[in-house]
Every structure is written in C-alpha cells, then in structure tokens.
Amino acid sequence: MFRPLSASIGLRYLRAKRRNGFISFISLASILGIAIGVAALITTLAVMTGFQREIRDRLLQMSAHATVSADSGAMENWRYAVDIAGRDARVAGAAPYVQSEALIAGPNRQPALLQGVLPEQEKNVSVIAERMVEGAFDSLEAGSFNIILGRELALWLGVRVGDRVVVTTDFQTTPMGAVPQLKRYTVSGLFEAGHQQFDRNLALVNMADLQRVQRLGEGVTGVRLRLHDMNQAWNVARDLAIALQGPYRVSDWSRENANMFRALRLEKTMIAILLSLIIAMGAFNLVSSQVMLVTDKQADIAIMRTLGMPPGGILRVFIVQGTLIGVIGTVLGVVGGVLLTLNLEHILRAIEAAFDVVLIPPDVYYITGLPTELRADDVTIIALVALAMAFLATIYPAWRASRTAPAEALRYE
C-alpha cells in the first residue's frame, strides 16, 4: 500500500455507502454547513472591507494624508515648508491652509469649518475641484471674498450660488471688549464629496481673504501633504517637522479619524465572530455524524483491534475521515465565497431588475454599486478557522472509537 493504513481506511469509510442513511445525511449536512458558513463569511468580510475602502478613499480624497501645523500661533515659513516637502520623493503634493471654526448665516445659521486655501495649490492635495456641482473652484480669487460650500451645508443655510452669507469667526479684543470678526462672502460654488463630514461642515475661501479677516499677515495654520503611499504619512510629516526645526504639531489621516476607523474594524471583527457560528454549527453536525459512525462501525473497530491495530491507529482512522469532511466543506465554501464575491455586483443588479427595487440608493449611500474587496489574508484565515473547527470536532468521536473494547463490541455480532 502506498499510504498509511489509517488514512486508507478513513478514505474508504468516506467513499463507502453506509448502511445507515441518516449518518450519510448528517455528514452531508456538516459539509454544507461548513461550506455555507465559509462562503457567507468570505462574502460578508469582502463587502465590509470594500465599504471601509470606499469610506477611506472618499475621506482622503477631500483631505490630506498628513499635516504639519504650528504648535501655537501661525506658521510663517510655510513657503519653505512647501519647498522642502516638494523635494521629498515620497510627497505627491503640498499646500498651505488657514483653518478656523465659523458660524455661517444666511436665511438660516449653521456652524462650519472654514478653510482658507490657494486654489492652484489645493488641487495638489485634494480632489475638491473635481467634486464641484455648481460654480467653479477657481472662483476663489484673492480679494473676491467668494466662498464655496458643501451642498448639504448650503441646503441647511437655505442659500444658492450667487447669494451672500455672513461668516463669523474668532472674537477680536478691542478697547470696547471682545468683538466678533464678521465678513460678508458671496457663494460662488457648491461641492459634493459624498461624505457628510465635508458636505455639511466644510466651507472654503481664498487663503489671502481669510488671512486678511483674521489679521494673520503671511502666517498660515499649517501645511497639508498628499503622499504616494498613505501608510508613510506619519513618518513623512515627522521628517518635515524635524527639517523645519521648530515646535510643530504633526498629524496624519489615521490619527485624525482614529475613532471612526477603530469602530469600523471592531464592527468587522464582531460580524466575523458572529458568522463564524455558522461554521461552528457545521462542526457540531460533524461531531454528531462521527459519533453515529463510530457506533455503526463498532464491529469493524473490534476486528481491526483484534488484528493488531493499536488504539492510536483507530484514532487516526476517524480523524482522517472527519477531517476530510471538513476539508471538502472548506474547499467548497472558499470556491463558492470567491465566486459569489466576484459576481455580487451582477447578482445585485439582477435582483434589482427582477423585483424593480433599488437595494443601495445612491442618494443615501453616495455610491452606485456594491463595493467589495477580496483579500487573500481574510480568505486564508477563514479557511484555517474552518479547518481547525473541523479537526477539533473529530477528536472526541475518534477518541471514543479508540477506547472501544473488542470483546464488548463483538458480543452481540
């Protein structure tokens, strides 16, 4: 024989037609349970990873990967900082900005984050110019006191392009006390980023105009960076701060949105744990089928023991047989999950066409499809977990088979 005896007998038990059809049914249920659990887990994690990628990409398209800002006061040497960043091969673009909390008043009032930008340089760090739905991004000319609003912010304010709004920023100390800084701006454009953080809370003006209102002179809040590899954001920003040799504050996209990304990771983990219970149900079915198989094969076990097979050999017979059921279920689940994920968009379109419904409304989710991202590490982990559960499920029935006494098993044969 070209394979171990235990493996040979285990494979034969798997292929042979059993006298008890119910045992075969339970084994088939175990395979299907493991396969369905693996496929469901792969597809669900792929969809959740796709949504996380979509949220991250939309967020980073509108904001920089990293920022270097003055620890206190304003950054006066921002041109030098932009020049140093431009010479770094890891940096794709750099732009200065001025930032302030503001209260914008039209027919209604709404707090917002007011950013002063240079339109020609802002295009190097964000795609906001490509997200304009009304007006032009280049309308933010110095001295024009134009303002561009997020579309939802404009709806809340009750204004349109061409209307005027009053922007209140920081209070200024005067001999008569603290006086708010008020300035009237003309709405010259609207943008839609597809992310509420920007569409409802962001307003843009020319950097020179905001410097003039806040009396910053040539100073700015900081410099924003866009990188070729966003995972290097912290290191690049830190190196720039060190090169500037001053008290600067460094931040990157992962720290600015740490709570949101942590919540998304936690949600993905909890969903994975819950869906793993489907695989566990298949493993429990495997325990049941193996226990019944051991009971059904008592005479065979007794004969093998009588012929000299040790208890360890009996143990390996049923471990091989049960593990193969787990392997078959896992392979079917991986193949089914991958195929389902790759064709999920077509399935979604077919369901929408068949029932005349819209499962993912673009006005709610800001996307027109179902984003998926199939990651090899997720598939590998899921497959290993399924195989581990199947292996653990075979231990008790196999141990019980190895404890069978030949005389007791053959007494009534």
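Asn206 counts as buried because its relative accessibility is 4% (buried means under 20% relative accessible area, with a 1.4 Å probe and protein chains only). This is a predicted model, where local features need pLDDT of at least 70, side-chain atom pairs count only at pLDDT 80 or more, and totals for chains, interfaces and linings use all residues. Residues are numbered from 1 along each chain as its sequence is written, and side-chain values use heavy atoms, leaving out hydrogens and water.

**Around Asn206**
- You'll find Asn206 in strand E8 (residues 202–206); strands are DSSP runs of E, at least two residues, and helices are runs of H or I, at least four, numbered from the N terminus.
- The Asn206 side chain reaches the backbone oxygen of Leu140 at 2.7 Å and the backbone nitrogen of Ala208 at 2.9 Å.
- Beyond neighbours within four places in sequence, Asn206 has contacts (heavy atoms within 4.5 Å) that include Gly116, Val117, Pro119 and Asn146.

**Helix H3**
- In H3 (residues 78–86), the buried residues are Trp78, Ala81, Val82, Ile84 and Ala85.
- Looking down the axis of H3, these buried residues fall within an arc of 160°, so they line one face of the helix; the arc is that of the directions from the helix axis to the C-beta atoms.
- Among the elements covering them are strand E2 (91–105), helix H7 (207–214) and helix H8 (233–244).

Key: Buried means under 20% relative accessible area, exposed over 50%, partly exposed in between (1.4 Å probe, protein chains only). A polar contact is a pair of N or O atoms within 3.5 Å; within protein, one must be able to donate a hydrogen and the other to accept it, and residues adjacent in sequence count only if both atoms are side-chain atoms.
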